[in-house]
Amino acid sequence: MSVLTIGLSHRTSPVALLERVSITGDALVKLLHDLQEDPCVAEAMVVSTCNRVEVYVTVDRFHPAVNAVAGLLGRHSGVPVEELTPHLYVHYEEQAVEHLFSVVCGLDSMVVGEGQILGQVRLALKLAQRRGTVGATLNDLVQQALRVGKRAHTDTGIDQAGASLVTAGLALAGELAGLRVLVVGAGSMSSLAAATLVRAGVTDIVVANRTYERGARLAEKVGGRAVEFSAVARELAEADLVITCTGAGRHIITPDMLSRPAFLLDLALPHDIDPAVREVAGVTLVDLETIQESGIGSQEGDAVPSVRALVAEELRAYLDAERAAKVTPTVVALRSKAAGVVESELGRLLMRVPDLDERSRDEVAMTVQRVVDKLLHEPTVRVKQLASCPGGDHYAEALRELFNLDPKMPEAVREVEL
């Protein structure tokens, strides 16, 4: 099975299209199951964030799988596949692995180096695990990618390469200290926003969330106060700055709810705030399109080359390990066959020489085993070394052919290992 990635992001698509394609909640779960049930797909995981929607699958046939995944993405998002196609990118095998490693390191983000993508990919994997749509291949790949991402953020200065989306958006708001701020939502992005506000000297923070208790916990952490979600309209009348990221999938703030000048930062996709609020006097709306157009945080810092080198290093190591893993079952099968031959021939010897004492039997058995081990040592070590080279799997095929190994035996060994 090979890894295939199909998706679109802020690099290939306007944010307006990303908003339409964004898949969350029950729709995301349904897409996962429909992907796995497709005959072209063995495993599936979907990463759906504010600036990317990517499908990761394992397949054994490239072209049919591309058509199937693109069709399902179009059907579940409600965007015709003909409209999606010009904006889709496709990565296969080695390129798919490299792309995922780059994504988790923040190299492919709208704001270079942002760390939220690590948590988003981790959540995508957990959902796929709970729903049973990932197996050993995707699970191992994504776990390794998360380790690579963590290493990038720990060992390099990639975190300073660009601000988070929150910081990028707030950079357009000007001086923050002394403002009354309404934060709508209490998820990871809203929590990051609230923490950023506190560091900027904001002391008057109100948190509104659909689940009051969760909003109250966030408010307590930042020294603010919580209100019921139904109080958003009332709080808008007092707020200088409003930050939203709810995942509601609909507009929760509309022009008729605004009665005073305010700076609105909409970090949700689909949008929380109706773009028509820009027509309200004194109201400034910054959303993902605005941040994308501003270019804030998109500049590559000094740490980016180091992270690219790290990704290349980790990619080589991963591919070497994968190639070696494909050869290992054949090596095990070869040694298993050799052990069977030794056992069979020793049995025949003992039948011909029944009076052989136990000590002599053991010595003969050890000698024969040593001879076999020495004969197999060099070719098995070499085939593992050669497996890391392009086309290395051909050496395993040669072993199976030369020693007349049961073609099903390596697969059986692999299944036992998994």
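Of the 418 residues of the protein, 47% count as buried, where buried means under 20% relative accessible area, exposed over 50% and partly exposed in between, with a 1.4 Å probe and protein chains only. This is a predicted model, so local features need pLDDT of at least 70 and side-chain atom pairs count only at pLDDT 80 or more, while totals for chains, interfaces and linings use all residues. Residues are numbered from 1 along each chain as its sequence is written, and side-chain values use heavy atoms, with hydrogens and water left out.

**Overall build**

- The C-alpha trace spans about 105 × 45 × 40 Å along its principal axes.
- The radius of gyration is 29 Å, whereas a compact globule of 418 residues would have one near 22 Å; the value is taken over C-alpha atoms, and the globule rule is 2.2 Å times the number of residues to the power 0.38.
- Among contacts between residues at least 6 apart in sequence, 66% join residues at least 24 apart, contact meaning heavy atoms within 4.5 Å.

- Six strands make up an open sheet with parallel pairing, in the order 7-6-5-8-9-10; two strands pair if DSSP finds at least two bridges between them.
- Strand 7 and strand 10 (283-286) sit at the edges with a single partner strand each, so one side of each has no neighbour in the sheet.
- From one strand to the next, the twist averages 20°; axes here are lines fitted to C-alpha atoms, for helices over the stretch in contact, and angles run from 0 to 180 degrees between N-to-C directions.
- Strand 6 (residues 204-209) is mostly covered, with five of its six residues buried.
- On one side, strand 6 pairs with strand 5 (residues 180-184) in the parallel sense over five bridges, and Val181 stands opposite Ile205.
- Strand 6 also pairs with strand 7 (residues 225-228), again in the parallel sense, over four bridges, and here Val207 faces Ala226.
- Strand 9 (residues 262-266) and strand 10 have four bridges in the parallel sense, with Ala262 opposite Val283.

**Helices on the sheet**

- Strand 5, helix 9 (residues 188-199) and strand 6 form a right-handed β-α-β unit; right-handed means that, with the strands pointing away from the viewer, the path from the first strand over the helix to the second runs clockwise.
- The chain then goes from strand 6 through helix 10 (residues 212-221) to strand 7, and this β-α-β crossover is right-handed.
- Helix 10 lies across strand 6 and strand 7, at about 160° to strand 7.

- Buried residues of helix 3 include Ala65, Val66, Leu72, Leu73 and His76.
- Just after helix 3, Gly78 takes a positive phi of about 80°.
- The 15 residues of helix 6 (116-130) should span 21 Å at 1.5 Å a residue, in agreement with end C-alpha atoms 21 Å apart.
- Ile117, Leu118, Val121, Ala124, Leu125, Leu127 and Ala128 are buried in helix 6, and their cover includes helix 2 (25-37), strand 2 (41-49), strand 3 (52-59), helix 5 and helix 7 (136-155).
- Gly132 follows helix 6 and has a positive phi near 70°.

**Loop residues worth a look**

- Ser109 is in the loop between helix 5 (94-104) and helix 6, and counts as buried at 2% relative accessibility.
- Leaving aside neighbours within four places in sequence, Ser109 contacts His10, Arg11, Arg52, Glu114 and Ile117.
- Glu93 lies in the loop between strand 4 (89-92) and helix 5; its phi is near 55°, positive in a residue other than glycine.
- At 41% relative accessibility, Glu93 counts as partly exposed.
- Leu269 and Pro270 are joined by a cis peptide bond with omega about 0°, and Pro270 is found in the loop between strand 9 and strand 10.

Definitions and conventions:
Helices (H or I, at least four residues) and strands (E, at least two) are DSSP runs, numbered from the N terminus. The expected span of a helix is 1.5 Å times one less than its number of residues.
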